[in-house]
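Me: I have a new structure open and would like to learn how to read it. Could you take me through a few features, one at a time?

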Amino acid sequence: MAEAAPVEAATDREEAQLPPPPLHKFDPRNFSLSRVLYNIDTFISTKKGQTAMLVGFGLFLMIFCGLFYSLIPRGVIAGKHVAQTTSIEGDMANISLAIWTDGNATAAPTTTDVPSQYTSIIESIWACWLFIADPGAQNELHEWNKRVFAFFVSLIGMVYFFVIMGFVVDSIRDKMEDLKKGRSNVIEKNHSLLLGWSDKSVSLVKQLCLANESEGGGVVVVLAEIEKERIEAELESQMEPHEYHGTKVVVRSGSPLITNDLKKVSAHTARSITIMATSIDADKSDASCLRVILSLRGLFKLQGHVVAEIRDIDNEPLVHLVGGTIVETLVSHDIIGRLILLSARSPGLSRVYNSVLGFDGDEFYTQAWPEVVGVQFGELIARFPAATPIGVKTTAGKIVIKPSMTYKIEDGDEIIVLAEDNDTYKPEPPAVVLPVPIPVIPAKEKAKEKILVCGWRRDIQDMLVLLDSFVERGSEVHLLNELTMAERDTFLSLSGVDMSSLENCEFLHFVGNTSVRRYLEPLPLEMYTSIMVLCDFQRELDILNSDSHSLATVLLVRNMQKNRRDVVKESLFAPRVCEAIDRWTRHASNKCPCITEILDPRTQKTVVANSSIAGHSDFVMSNELISCMLAMISESREVKQILSKLLSPKSNTFTVQLSSRYCTPHEELSYFQLAERLVKSNELLVGYISKHDKNAPAVLNPKNKAAPVLWRNYDLIVITGGSAIDDRHVDVKRAVVESIEATQRKNMQGDETKRRGTKMVTGLVAANPPDPKVRTRRSVTKRNIMLNSASSHEADVRLTPEVRRKLSLLYDEVQGLLRQYNVQSC
């Protein structure tokens with residue numbers, strides 16, 4: 001150990017004395033050579049360069065070898081060919097002698113021309129091309145020296161053609177790969193274009209195929225970032241050949257964000273373009289949709305319109321701002337949330353929308369009929385025996401669902417009907433309807449409710465705000481899901497909802513898994529007036545797992561409700577009486593309606609095939625219904641306005657009513673008679689559904705409307721709500737309040753600016769205002785209507801003399817409304 005230190009020190013000194021490594025000098029000749037080789041490699045790496053290289057090399061080989069071949073003199077002839085040549089020359093000499101003798105020629109024969117010792121250049125090049133293309137051409141050569149040269153040329157030619165064969169094979173393979181991967185161009189027009197692929201796409205393709213059935217088929221083009229084989233395999237596994245109805249589905253792989261890919265699918269000649277939401281993240285999905293719309297607007301003059309699926313309702317105005325008049329939007333989560341709420345409050349409504357949406361049954365049609373100008377809307381039912389009028393599209397473009405029954409059709413108004421096809425109905429002379437007594441239809445009784453909500457959707461805050469506007473004051477909503485209280489508070493705060501500002505509902509929170517019995521035991525299941533089982537946002541990525549969890553929750557809740565009812569019956573009655581009650585109520589519907597959200601259409605098939613499951617709940621197939629809506633809007637833009645009105649919480653909409661509300665159990669009435677009875681109570685009959693068969697589809701626009709029916713086995717599909725006049729009154733009231741608020745805010749802000757230039761809070765302020773950072777979304781709870789705004793589909797309020805008169809009449813109501821607020825200026 002003592003000797004190691006000096007040795008290491010000596011080594012360090014030697015390394016320190018080593019000269020530095022030599023520096024490499026720049027050599028221009030090596031750089032030029034490398035640059036040339038680099039350019040050659042770059043050129044050859046392209047198909048154009050490879051083709052030029054092969055053609056150039058072939059020409060060079062043929063010309064160079066031809067020049068060399070022309071310099072080869074005649075050589076030694078092979079032995080067998082020598083004898084043949086001598087024999088031929090002797091025969092030719094004898095023939096020449098005989099000809100000369102027979103002719104008695106007097107002149108001596110001339111000397112025979114000596115053949116050239118070299119081949120001409122043109123002949124040599126042609127001979128070399130034959131050697132390159134066909135090695136068998138050497139059989140014509142008799143000299144050994146030329147045979148040897150031709151042998152080597154043929155070897156080079158074989159290698160050359162092997163290279164060409166490989167190049168051709170690679171080109172064919174690349175072309176087949178492009179066709180297989182979906183990279184080739186689509187040359188179509190008037191086709192339906194789908195941008196993106198999601199779990200709703202297969203259902204959307206089915207609906208588009210149904211829409212094209214009446215035209216003998218069409219073309220549906222899909223552009224998605226997923227591989228073509230995967231999309232085609234999914235279509236093949238979920239669609240039968242007869243479900244295409246003559247429609248050709250073309251799939252291409254690419255990004256809808258790339259301009260060249262949009263050109264590849266002929267986006268500018270499509271009759272409709274549907275942009276699918278492909279990301280679970282709402283902001284990311286909507287941002288992608290905006291980029292696609294920008295690409296379409298900036299690149300093409302589109303022939304058709306664009307239908308965009310939006311995830312967040314707050315992003316909808318931005319999409320309209322970017323897309324302009326060519327874009328129709330559908331906020332999928334918001335629409336399904338509304339539909340679930342409406343279905344929970346009106347059992348059977350989900351079956352109604354399953355029938356009305358899509359192209360499998362009756363559809364919406366709008367058309368102007370001069371024959372009915374001047375006819376009241378309530379009388380149109382008897383004028384259209386093959387259709388069911390549900391609304392009017394005015395000359396100003398406004399959609400009105402169930403206008404006042406005394407509204408007279410004006411010239412240019414279009415009648416909105418439910419019909420099988422656009423050529424299956426027309427106005428006819430009024431049908432003869434036998435008069436029937438019209439009983440007094442009782443008003444609906446409103447009572448406090450107790451509602452159970454299982455699961456937590458991404459837009460549950462909008463559902464809770466809307467639910468608060470539906471129920472009576474003092475109602476309870478129990479929320480059971482796996483989120484902790486802190487997570488719920490954070491979620492609601494970030495979404496802009498203050499739960500304490502909701503006046504009608506009291507919200508009770510429970511934490512736990514909805515499919516586990518111990519978490520359901522503390523809940524008063526037997527006291528709920530309705531139950532909603534929502535798709536939990538934590539399980540959205542796996543739709544089969546989400547549906548399984550929802551079905552398990554429904555079955556468990558129903559089982560626990562039955563057990564608790566049995567305990568009550570057994571405590572009150574003897575066993576035989578309990579058995580008799582069970583037999584009598586076997587087919588009775590549950591008084592507590594349950595609505596369940598289903599994502600996968602295959603789950604719906606399972607539910608339909610199992611009657612025991614179908615009887616426990618109504619099911620809303622969210623993805624299926626959104627696909628139907630997208631398909632209907634892509635075929636007709638007017639459907640968007642109709643659906644928006646039907647699903648709006650402030651507009652007339654479908655409801656399912658008990659038939660006993662309108663007729664006695666033993667009363668037989670025709671559809672026309674029953675519809676006339678409903679018209680007198682300002683309600684519109686649309687169809688009916690079976691009370692007992694939960695799998696039976698809803699019957700909309702019945703065929704034989706004059707036949708008497710015993711209605712006690714059916715529930716009626718009715719459009720209820722206020723008339724257009726009532727809507728106008730509400731619009732005027734809101735316009736007055738909004739105008740007063742805007743005026744005061746403007747005046748106070750002007751004074752504030754003059755005084756110190758700082759911002760002040762003025763206007764109409766609630767008596768107990770919430771935190772300004774946490775407030776209810778205006779897009780959900782309020783509708784902005786300004787007096788000086790132009791007429792639109794949502795509010796058509798003009799300052800006509802009639803409106804001014806109504807404003808004066810509504811002065812007292814406005815004063816009462818203003819008393820609920822404290823006008824403060826800070």
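This is a predicted model: local features need pLDDT of at least 70, side-chain atom pairs count only at pLDDT 80 or more; totals for chains, interfaces and linings use all residues.

Me: Let's start with helices. At what angle do α3 and α6 pack?

Reply: Helix α3 covers residues 47-70 and helix α6 covers residues 144-181; their axes are 11 Å apart and meet at an angle of about 170°. Angles over 145 degrees count as roughly antiparallel, and therefore α3 and α6 are roughly antiparallel to each other.

Me: Which residues make the contact between α3 and α6?

Reply: On the α3 side they include Leu54, Phe57, Leu61 and Phe68, and on the α6 side they include Phe149, Ile156, Tyr160 and Phe167. In that contact of α3 with α6, 14 residues are nonpolar, 4 are polar and 3 are charged. Two of the names come back elsewhere: Phe57 and Tyr160 form one aromatic cluster with Trp129 and Phe161.

Me: That brings us to rings. How is a pair of aromatic rings described?

Reply: By two values, the distance of the centres and the angle of the planes. This structure holds 17 aromatic pairs. One of them joins Phe384 and Tyr425, with 6.1 Å centre to centre and 55° between the planes, and it is tilted.

Me: Where do Phe384 and Tyr425 lie?

Reply: Phe384 is in the loop between α14 and β8, while Tyr425 is in the loop between β10 and β11, so the pair ties together parts that are 41 residues apart in sequence. Phe384 is buried, with a relative accessible area of 1%, and Tyr425 is buried too, at 6%.

Me: And what about the rings of Tyr688 and Trp711?

Reply: Their centres are 5.5 Å apart and their planes stand at 75°, so this pair is edge-to-face. Tyr688 belongs to strand β19, and Trp711 to the loop between β21 and β22, 23 residues apart; the pair links distant parts of the chain. Are they buried or exposed? Both Tyr688 and Trp711 are buried.

Me: Now the sheet. In what order do the 4 strands of the open sheet come?

Reply: The order is β7-β10-β8-β9, with antiparallel pairing. At the edges stand β7 (363-368) and β9 (399-401); each has a single partner strand, so one side of each is left without a neighbour in the sheet. From one strand to the next, the twist averages 30°.

Me: How many bridges pair β8 with β10?

Reply: These two strands pair over 5 bridges, in the antiparallel sense. To find the spot on screen, look for Pro389, which stands opposite Val417 in β10.

Technical notes. Residues are numbered from 1 along each chain as its sequence is written. Side-chain values use heavy atoms; hydrogens and water are left out. Axes are lines fitted to C-alpha atoms, for helices over the stretch in contact, and angles run from 0 to 180 degrees between N-to-C directions. Angles under 35 degrees count as roughly parallel, over 145 as roughly antiparallel, 65 to 115 as roughly perpendicular and the rest as oblique. Contact means heavy atoms within 4.5 Å. Ala, Val, Leu, Ile, Met, Phe, Trp, Tyr, Cys and Pro count as nonpolar, Asp, Glu, Lys and Arg as charged, and the others, Gly among them, as polar. Rings of Phe, Tyr and Trp (its six-membered ring) pair if their centres lie within 6.5 Å; planes under 30 degrees apart count as stacked, over 60 as edge-to-face and the rest as tilted. Buried means under 20% relative accessible area, exposed over 50%, partly exposed in between (1.4 Å probe, protein chains only). Two strands pair if DSSP finds at least two bridges between them.
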